[in-house]
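Please examine the structure shown below before reading on.

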Amino acid sequence: MKVFVTGGAGFIGSNFVYHLLGLPAAYSVVNYDALTYAGNLLNLERVASQQNYSFVRGNICDAAAVCAAMQGCDAVVHFAAESHVDRSIYEPAPIIETNVRGTLVLLQAARELKISRFVHVSTDEVYGDIPHGLASDENYPLQPNSPYSASKAASDMLVRSFVRTYGFPGIITRASNNYGPYQFPEKFIPLMIANALDNKPLPIYGDGLQERDWLHVEDHCRALALVLERGREGEVYNVGAGNTEPNLSMVRRILRVLGKPESLMTRVADRPGHDRRYALESSKITRELGWSPGMDLEQGIRQTINWYRSNGAWLQHVREGDYREYYDKYYTHRDKTMKTVTA
Ligand code: NAD
Ligand code: TYD
């Protein structure tokens with residue numbers, strides 16, 4: 001099966017390309033990626049010269065380029081997105097352009113080319129804040145609270161509309177917060193690891209008691225491959241590991257493994273509109289496709305820390321390499337707006 005992967009040079013996309021090409025089934029991949037600050041071909045060095053892998057640099061909003069590159073593919077797995085909540089708060093327009101209009105362009109191309117399966121990779125953030133004692137299943141109302149989650153909810157609704165209106169073979173997955181190798185160090189876990197390794201302050205938003213349901217990226221990739229193979233068209237599948245943990249506990253875990261002092265933790269002003277809690281109910285994918293998470297949280301964090309420790313050159317490259325301008329612009333804004341609350 002020839003799979004058109006969008007955003008395959010990003011964090012989850014690159015892990016997925018490795019996962020798919022490592023399976024016994026005969027898959028080949030066309031990786032279509034614009035290489036924004038978050039996309040990096042270094043992530044794919046181990047498959048770059050394989051015959052069953054090819055790379056096309058392009059924007060998902062460019063309909064002609066998408067159609068040309070998708071020609072001859074059997075299925076689409078759609079990761080490409082602007083994926084960071086803080087950036088979406090800072091500058092919403094590019095997020096809507098890529099995540100909403102880009103998804104529409106892909107749906108139209110896939111329909112025109114009679115693609116047999118379209119897996120849309122979405123997020124549990126579309127469900128919004130989940131009260132204590134509850135977990136969101138696939139029928140939970142969509143109540144997104146950030147421009148990022150609103151854009152993902154909008155793209156989910158576009159996929160849904162194509163399924164209903166055109167009999168389109170779309171499937172939506174909604175995973176919880178991922179962590180693991182190749183994650184850009186703007187996101188919580190890699191930022192905390194990278195700063196702790198450099199003995200820099202670890203910025204904790206607000207009281208640090210917000211909870212996220214942590215999923216190792218390899219578990220997510222296994223789920224996506226199952227959905228690609230056997231998921232039911234028109235369905236939504238939640239993917240969560242049931243590891244709901246407050247941010248402060250997660251940072252303490254990281255500092256403990258690294259043997260660094262808790263005095264590195266620095267409370268900063270809270271993120272506007274910050275969701276307090278995500279928690280996913282994922283029994284549907286277990287029941288229908290036999291998926292269950294394999295990675296224990298402590299083991300996964302240790303493995304991730306080891307990866308960042310052993311890949312200092314990668315970290316240096318993504319933090320200070322070609323992306324310096326974007327990175328500086330964003331962090332200058334962030335540092336101005338986030339004043340330390342207590343040391
Ligand atoms: P990422 O930011 O690491 O990677 C995004 C990739 O998309 C990059 O390679 C980038 O170059 C590419 N891209 C961005 N805009 C593009 C455009 N206009 N055209 C073509 N390529 C473009 O993101 P990620 O964390 O790997 O997330 C991948 C997908 O999974 C996203 O759709 C995200 O919403 C979803 N998701 C992420 C998480 C998470 O915890 N990271 C959890 C659930 C779902
Ligand atoms: P993030 O990785 O941005 O994922 P999301 O907002 O999509 O869940 O953030 C995870 C949690 O960590 C979230 O509650 C915000 C918090 N956070 C911090 O406290 N400090 C930081 O510097 C970052 C980036 C996030």
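A backbone N or O atom of alanine 34 lies 3.1 Å from a nitrogen atom of ligand 1. This pair is one of the polar contacts, a term for a pair of N or O atoms within 3.5 Å (within protein, one atom must be able to donate a hydrogen and the other to accept it, and residues adjacent in sequence count only if both atoms are side-chain atoms). The table lists this contact together with two others.

| Residue (backbone atom) | Atom of ligand 1 | Distance |
|---|---|---|
| Alanine 34 | nitrogen | 3.1 Å |
| Leucine 35 | oxygen | 3.5 Å |
| Phenylalanine 79 | oxygen | 2.8 Å |

Taken alone, ligand 1 exposes 830 Å², and the protein buries 97% of that area; accessible areas come from the Shrake-Rupley method with a 1.4 Å probe, and for residues only the protein chains shown count as cover.

The model is predicted: local features need pLDDT of at least 70, side-chain atom pairs count only at pLDDT 80 or more, and totals for chains, interfaces and linings use all residues. Side-chain values use heavy atoms, without hydrogens and water, residues are numbered from 1 along each chain as its sequence is written, and chains are lettered from A and ligands numbered from 1 in the order in which they are written.

Which residues are the closest to ligand 1? They are Ile12, Asp33, Ser83, Tyr148 and Lys152, among 28 residues that surround the ligand, where near means that a heavy atom lies within 4 Å. By class, this shell has 13 nonpolar, 13 polar and two charged residues. Nonpolar covers Ala, Val, Leu, Ile, Met, Phe, Trp, Tyr, Cys and Pro; charged covers Asp, Glu, Lys and Arg; the others, Gly among them, are polar. Strand β5 gives the most to the shell, with three residues. Helices (H or I, at least four residues) and strands (E, at least two) are DSSP runs, numbered from the N terminus.

Strand β1 (residues 2-6) is largely enclosed by the rest of the structure, because four of its five residues are buried, that is, under 20% relative accessible area, whereas exposed means over 50% and partly exposed lies in between (1.4 Å probe, protein chains only). Five bridges join β1 to the parallel strand β2 (residues 28-33), and four join β1 to the parallel strand β4 (residues 75-78); strands pair if DSSP finds at least two bridges between them. Phenylalanine 4 has valine 30 as its bridge partner in β2 and stands opposite valine 76 in β4.

Arginine 57 lies in strand β3 (residues 53-57) and, at 58% relative accessibility, counts as exposed.
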